[in-house]
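Please look at the model below with the annotated positions and the strands around them in mind. The report that follows takes these up in turn.

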Amino acid sequence: MTSITLKNLRQWKLEGKKFASLTAYDYSFARLFAEQDIPVLLVGDSLGMTIQGHDSTVPVTVDDMVYHTRHVRQGAPNVLLLTDLPFMSYPTLEQAGHNAARVMQAGANMVKIEGGAWLAETIRHLTERAVPVCGHLGLTPQSVNIFGGYQVQGKTEEQAEQLLNDALTLEAAGMQLLVLECVPISLAKRITEALSIPVIGIGAGADTDGQILVMQDVIGITSGYVPKFAKNFLTETGSIALAVAQYQRQVQDGTFPELAHSFKG
Ligand code: KIV
């Protein structure tokens with residue numbers, strides 16, 4: 001695989017070419033995903049749940065993200081690699097800059113941060129200092145203690161307007177990619193069309209430019225609860241490599257996600 005950059009993603013958006021991405025936390029899986037030509041990997045702070053067994057992403061530290069980023073990069077030298085800045089690692093501009101530098105030096109190409117228009121200054125600060133930023137709106141798991149659980153966001157017209165305005169504000173501040181999690185299909189479509197940067201959805205319907213899934217959900221490793229937006233591709237393929245290839249194919253041809261994996265407004 002030749003190195004994937006944000007330029008590729010922007011071009012794919014213009015061409016209407018859908019792309020698939022996955023979370024990755026270690027060398028072996030990162031290598032397998034890269035061998036299947038998955039162009040974008042995320043070292044997600046979901047590792048707090050999938051790798052460390054916590055009930056939220058809140059306990060994850062910057063040290064954890066640096067450790068996993070280093071190993072994912074070893075396995076996938078050419079993917080566009082996003083790394084989450086974890087809970088409370090970007091409350092001030094200084095902390096955001098310091099912690100972004102740590103994950104970038106471990107191998108990330110960009111950082112992902114969760115939240116609305118209040119992050120505009122952080123995004124401007126990081127971007128001006130050569131750190132590209134991916135935003136994350138909708139269900140933002142670091143805010144689980146504010147939300148009181150993991151619920152679909154943007155269901156009322158007022159909330160939908162707020163999310164659209166947040167997305168536009170963050171794009172104007174320099175955000176170069178956006179993850180939209182668990183929002184109604186119609187809102188995800190509206191935001192994807194309103195932004196000129198690529199939008200990656202999870203539980204946001206088929207109209208976003210790209211899709212992302214937590215890797216364990218693609219191969220049926222769950223702890224009992226299976227989110228509505230997840231799909232086990234291993235059952236229909238029989239090998240992890242084929243499951244990943246099938247996920248990518250179905251994203252590209254628009255057959256995943258189906259309505260059953262999505263939320264109506
Ligand atoms: O941490 C993560 O894995 C994520 C994805 C669910 C998008 O943020």
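Serine 46 counts as buried because its relative accessibility is 15%, where buried means under 20% relative accessible area, exposed means over 50%, and partly exposed lies in between, with a 1.4 Å probe and protein chains only. The residue lies in the loop between strand 2 (40-43) and helix 3 (47-50); helices (H or I, at least four residues) and strands (E, at least two) are DSSP runs, numbered from the N terminus. Not counting residues up to four places away in sequence, serine 46 touches Thr23, Tyr25, Thr57 and Val214, contact being defined as heavy atoms within 4.5 Å.

This is a predicted model, in which local features need pLDDT of at least 70 and side-chain atom pairs count only at pLDDT 80 or more, while totals for chains, interfaces and linings use all residues. Residues are numbered from 1 along each chain as its sequence is written, and side-chain values use heavy atoms, with hydrogens and water left out.

## The annotated binding site

The UniProt record, an unreviewed entry, places the feature "binding site" at Asp45, Ser46, Asp84 and Lys112. These residues span 68 residues in sequence, yet no two of their C-alpha atoms are more than 12.4 Å apart, so they gather at one spot. The lining of the largest pocket includes Asp45, Ser46, Asp84 and Lys112. A pocket is here an open set of points on a 1 Å grid over the protein atoms alone, where a 1.4 Å probe fits, with protein on both sides within 12 Å along at least five of seven lines, and lining residues have an atom within 4 Å of a point. UniProt positions are given in the numbering used here, feature names are shortened, and annotations may be inferred rather than shown by experiment.

## Lysine 112 and strand 4

Lysine 112 belongs to strand 4 (residues 110-114) and counts as buried because its relative accessibility is 2%. Leaving aside neighbours within four places in sequence, lysine 112 is in contact with Leu42, Thr83, Asp84, Leu85, Cys134, Gly135, His136 and Val179. Five of the five residues of strand 4 are buried: Met110, Lys112 and Glu114 point one way from the strand, and Val111 and Ile113 point the other way.

Strand 4 runs parallel to strand 3 (residues 80-84), to which three bridges join it, two strands being paired if DSSP finds at least two bridges between them. Aspartate 84 has lysine 112 as its bridge partner in strand 4, and both of these residues carry the "binding site" annotation in the UniProt record. Strand 4 is also parallel to strand 5 (residues 133-138), with four bridges between them, and there glutamate 114 has histidine 136 as its bridge partner.

The chain passes from strand 1 through helix 2 (residues 27-35) to strand 2 in a right-handed β-α-β crossover, a crossover being right-handed if, with the strands pointing away from the viewer, the path from the first strand over the helix to the second runs clockwise.

Strand 2 pairs in turn with strand 3, in the parallel sense and over four bridges, and here leucine 42 stands opposite leucine 82. A right-handed β-α-β unit is made by strand 3, helix 5 (residues 93-105) and strand 4, and another right-handed unit is made by strand 4, helix 6 (residues 120-128) and strand 5.

## The annotated active site

For "active site", the unreviewed UniProt entry lists Glu181, which is found in strand 6 (residues 177-181). Glutamate 181 counts as buried because its relative accessibility is 11%. Leaving aside neighbours within four places in sequence, glutamate 181 is in contact with His136, Leu137, Gly138, Leu139, Pro141 and Ile202.
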